[in-house]
Amino acid sequence: MLTERIEVRVRIGKREKVMKVKRAVKVISILRDLNINPVEVVVLKDGVPVTEEEVLVKDTCIEIISVVSGG
Amino acid sequence: MNKATRTNYCKEHFIKYFEYRIEDTLLKYVGERNLKGKIIAVATSGGKDSTSLLQVLSKLSKKYEFDVIALAVDEGIKGYRDVKLDFLKRIVARLEVTLYIESFAEWFGRTLDEMVMISLKKGFEIKPCTLCGVFRRYILNVKAREIGANYLATGHNLDDEGQVFLMNILRGSIKNLLRESGVLSRRMHEKLVPRLKPLYFLSEKETTVYSVLMQILPPPAECPYVVFASRNFIRKWLNVAEMENPGIKMKLLEVKEELCEKLVSKTRLEIMVPKLCNVCGEPSAEHMCKACQLRTYLGLKYNPMRNGGGRQ
């Protein structure tokens with residue numbers, strides 16, 4: 001069911017946010033919702049980098065890490 | 001995925017691609033013959049770029065028979081540099097690479113935090129990043145020369161190069177544009193160790209992915225002075241441009257290369273040859289080098305034993 005909603009826990013640094021999104025959402029949609037430029041981050045799912053086209057089909061946890069050097 | 005080339009990689013092939021880009025850059029700009037028996041000092045900060053560079057160069061050093069040495073500068077930024085240096089020490093121990101750590105406190109008598117406080121009292125005319133950059137470059141060049149390095153490799157990547165190029169254009173600084181080197185700098189003076197930028201064609205994002213895959217991603221610590229960096233605006237703008245037009249950073253670099261080549265061919269290169277600083281004897285564009293100018297401004301003592309040994 002495409003209308004089914006899933007829960008995605010998003011970790012950005014020390015912050016964590018839970019988002020209720022449509023099932024089969026793409027990572028890029030989550031980044032857009034969070035107003036994050038995909039060029040500036042790497043998204044990890046289960047600790048492995050995934051592309052923005054990755055489709056999330058079940059409750060999951062993703063980690064967003066900034067690629068910008070801090071000095 | 002590399003959006004510009006529309007290429008998807010699995011873990012194994014991404015690592016191969018990343019390491020190959022560095023190897024290819026070295027072979028193309030330095031050459032196999034100029035690597036054998038040479039010493040490459042890697043300017044390491046404990047950040048993802050220099051750590052990834054150290055990792056790859058350490059691997060390539062066995063294949064091409066050159067030595068790799070890690071050079072780090074402890075500016076004295078509390079809660080930031082110490083975290084990064086602890087991480088760096090673990091990496092060099094694993095790679096079995098010799099690490100030299102030089103500090104601002106030892107070379108200039110003050111940490112960067114103290115220098116920033118002095119600057120604040122004086123009206124804060126100089127940004128922390130300027131102090132940090134000038135003194136760090138100074139130490140790295142002198143130390144690399146002292147240990148007999150043939151090249152000083154830095155972790156500057158595609159993003160850094162694009163940002164600096166745009167900043168120089170916006171400031172109308174042709175002189176700085178000329179001074180900015182490509183992958184390998186011209187040796188303008190025997191006291192200047194040639195600079196090498198093996199990550200020149202790799203983006204910040206690619207380096208991050210590599211460091212995640214190789215499990216060498218440094219702990220998340222941000223320099224407290226990053227808010228003062230003048231390139232923040234350019235960085236944001238360039239990343240938006242890249243999102244809307246994948247590949248624009250690489251195109252910018254191609255324009256930079258072409259423009260710099262044309263500028264250099266029309267410039268008498270002797271005007272680019274540095275003089276020697278009247279105070280410390282290090283190469284300088286003016287009669288007093290930038291490090292000595294800043295040192296004087298901040299009222300820091302001159303330590304001839306550490307600051308290049310004085311004019312000879």
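The model is a predicted one, in which local features need pLDDT of at least 70 and side-chain atom pairs count only at pLDDT 80 or more, while totals for chains, interfaces and linings use all residues. Residues are numbered from 1 along each chain as its sequence is written, and chains are lettered from A and ligands numbered from 1 in the order in which they are written.

L152(B) is a handy residue to look at next. Beyond its neighbours within four places in sequence, L152(B) has contacts (C-beta atoms, placed from the backbone, within 7 Å) that include A41(B), A43(B), L140(B) and A144(B).

Turning to the sheet, five strands of chain B form an open sheet in the order β3-β2-β1-β4-β5, with parallel pairing; two strands pair if DSSP finds at least two bridges between them. β3 and β5 (195–196) of chain B stand at the edges with a single partner strand each, so one side of each has no neighbour in the sheet. Strand β1 (residues 39–43) of chain B runs parallel to β4 (residues 151–153) of chain B, and three bridges join them; I40(B) has Y151(B) as its bridge partner in β4(B). Helix α2 (residues 48–64) of chain B packs on the sheet, where it touches β1, β2 and β4 of chain B, and its direction makes about 165 degrees with that of β1(B). Such angles run from 0 to 180 degrees between N-to-C directions, with axes fitted to C-alpha atoms, for helices over the stretch in contact.

Strands β2 (residues 67–74) and β3 (residues 98–103) of chain B are parallel and joined by six bridges. Between β2(B) and β3(B) the chain passes through helix α3 (residues 81–95) of chain B in a right-handed β-α-β crossover, the path running clockwise from the first strand over the helix to the second with the strands pointing away from the viewer.

Note on methods
Helix = DSSP H or I, 4+ residues; strand = E, 2+ residues; numbered from the N terminus. Contact = placed C-beta atoms within 7 Å.
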